[in-house]
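Please keep the sequence and the structure at hand while reading.

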Amino acid sequence: MGCKKESTSAQAYFFVEFAPLPLVGTNFVALQYEFLLGRSTIGNIVRETCQSLWNTLQPEEMSEPNPDQWLEIANKFYLKTNFPNCVGAVDGKHIRCIKPINSGTMFFNYKKYFSIVLMAVVDAEYSFISIDVGSYGKESDSTIFKNCPFGKKLYAGLLNLPAPVVLPNTDNFPQPFVVIGDEAFGLHKNLLRPYPGRGLTQKRKIFNYRLSRARRYLLREKEEDDQLLMNTKNKKRKPISNLFSTRKSEGFFEKLIKGHFATDNIKFREFFRLNRRHFDFVLSSIKNQIQKTPTMRWHEPITPEEKLAVTLSYISIIVKETLTVLKQNLMPIFLPDPTMVDFKTKADEFWTKWNFPNCILAIDGKFVRIRCPNNSGSLFFNHKDYFSTVLLAMVDANYKFVAIDVGSYGKEGDSEDCALPGTDIIVPHVILGDQAFRLHKHILRPFSQKAARGDNSKTIFNYRLSRARRVTENAFGLLNQVFRVFY
């Protein structure tokens, strides 16, 4: 007699679907352990639930307005933004995604990352009137809008907009109702955008100001409301929720980490990206420093094992404490003082593995994405068009970090003699870097493309230097695989 596979309940579908919302950085791999469902099952659940939500809620929450509703939207726009005959504001948002297989550059946008586009039309109360999701990141807002259902209806005159009316404080020349956008959109009878260029007349400057104010007003007012809420928020400590009182019996750590992972080393390695032996080694080195004793306030402090598990999983309040102790205890072991390093051995390893003589280390920087710190201006804004701090590292021939520096501004740039093998030419030992670093007696960088063009010896030099220097890229890649924060 066959055994029927147990089906997933509708309630489980709903919780799986909305679990990623409060858990910043979570993914299907993490969700499979939290809900004990397979990754493919979770993927099917998310797709099916999203489709059902759209089919059910879209006709109610995002139905096409009739002429009376368009008039109501226009009146609210005029009251809030002092812009007449406006029935919506349109804009696109790039949603970051992993590059789809065999997609080439179709999803690579002008902000220099892969994305799909959410095109939306919004009314005066932050409510979406129409959306279109899934266009290629490389496409312009104007092209996407023309091809989306709302845009096609607008250009074809099928939106059931009210008949043109005269503007306030005038008595002639009825004007059509319009959607407003930025400079990325094409001008149309029912779509307004700012005047382009400089040297505009006073009237055109005023028009641009009022249109931009109306288009941006919604976001600015929302930010002001959020700031007001934060300023008036009660600062008193909240009572402990009953949810957290069951942590010892029902918690994620107790059920999964100490339960299922206790005997399954493969799943343990898959989840933490460290095997059990490495986890226990790290724990033993910091256990005494992060162990808390029970007090009147903390009757059952969080155990060192659980603190380390939370830190390796992602970011939390206890991460700073755990990372500080990890640095104090592990750096002397894995990143000793550079004066104690045997650079002669490092040079031999580079020559043996990468065929580059007198090289002791390779150096490079990695941008670590962050949120813009308050009052920092553009200090953390890098040339890749996002906010970051910089991890500068020197790596040996075996992809091992020898020295690191963390915390520089995102806007900043990366910057014993012996004979060469088979010759009597005495040259110093060097560190290899890319074009971002300055040439120095002990730092080598490739020849510029202009200098190497047409010179075969310089081209070969650049190739061999880049091949040896690539150990830094490989080391950062290995780092990414272990710690999600570096993605």
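## Cysteines

The structure holds 0 disulfides, and it should be read as a predicted model.

## Salt bridges across the chain

Side chains of opposite charge can pair when their charged atoms come close. A search of the whole structure finds 10 salt bridges, and among them is the one in which the side chains of Lys153 and Glu64 meet at 2.8 Å, N to O. This pair links distant parts of the chain, since Lys153 belongs to helix H6 (residues 149-156) while Glu64 sits in the loop between helix H3 (39-61) and helix H4 (67-81), 89 residues apart. Lys153 counts as partly exposed because its relative accessibility is 35%, and Glu64 is likewise partly exposed, at 36%.

Another salt bridge joins the side chains of Asp91 and Arg215, with an N to O distance of 3.6 Å. Asp91 lies in strand S1 (residues 86-96) and Arg215 in helix H7 (residues 202-232), so the pair ties together parts that are 124 residues apart in sequence. With 32% relative accessibility, Asp91 counts as partly exposed.

The side chains of Glu305 and Arg276 also meet in a salt bridge, at 3.7 Å from N to O. Here the link runs between helix H13 (residues 304-313), which holds Glu305, and helix H12, which holds Arg276, the two residues being 29 residues apart. Glu305 is partly exposed with a relative accessible area of 24%, and Arg276 is partly exposed with 21%. Elsewhere, salt bridges that share partners join Glu72, Lys76 and Glu125 into one network.

## A nonpolar surface patch

Phe281, Ile333 and Phe334 form a nonpolar patch on the surface, and together they have about 310 Å² of accessible area. Phe281 is found in helix H12 (residues 276-290), and it counts as partly exposed because its relative accessibility is 38%.

Technical notes
Residues are numbered from 1 along each chain as its sequence is written. This is a predicted model: local features need pLDDT of at least 70, side-chain atom pairs count only at pLDDT 80 or more; totals for chains, interfaces and linings use all residues. Side-chain values use heavy atoms; hydrogens and water are left out. A disulfide is a pair of cysteine sulfur atoms within 2.5 Å. Patches are made of residues with over 30% relative accessible area and no salt bridge: like charges are joined within 9 Å, nonpolar side chains (Val, Leu, Ile, Met, Phe, Trp, Tyr) within 5 Å. Accessible areas come from the Shrake-Rupley method with a 1.4 Å probe; for residues, only the protein chains shown count as cover. A salt bridge is a side-chain nitrogen of Lys or Arg within 4 Å of a carboxyl oxygen of Asp or Glu. Helices (H or I, at least four residues) and strands (E, at least two) are DSSP runs, numbered from the N terminus. Buried means under 20% relative accessible area, exposed over 50%, partly exposed in between (1.4 Å probe, protein chains only).
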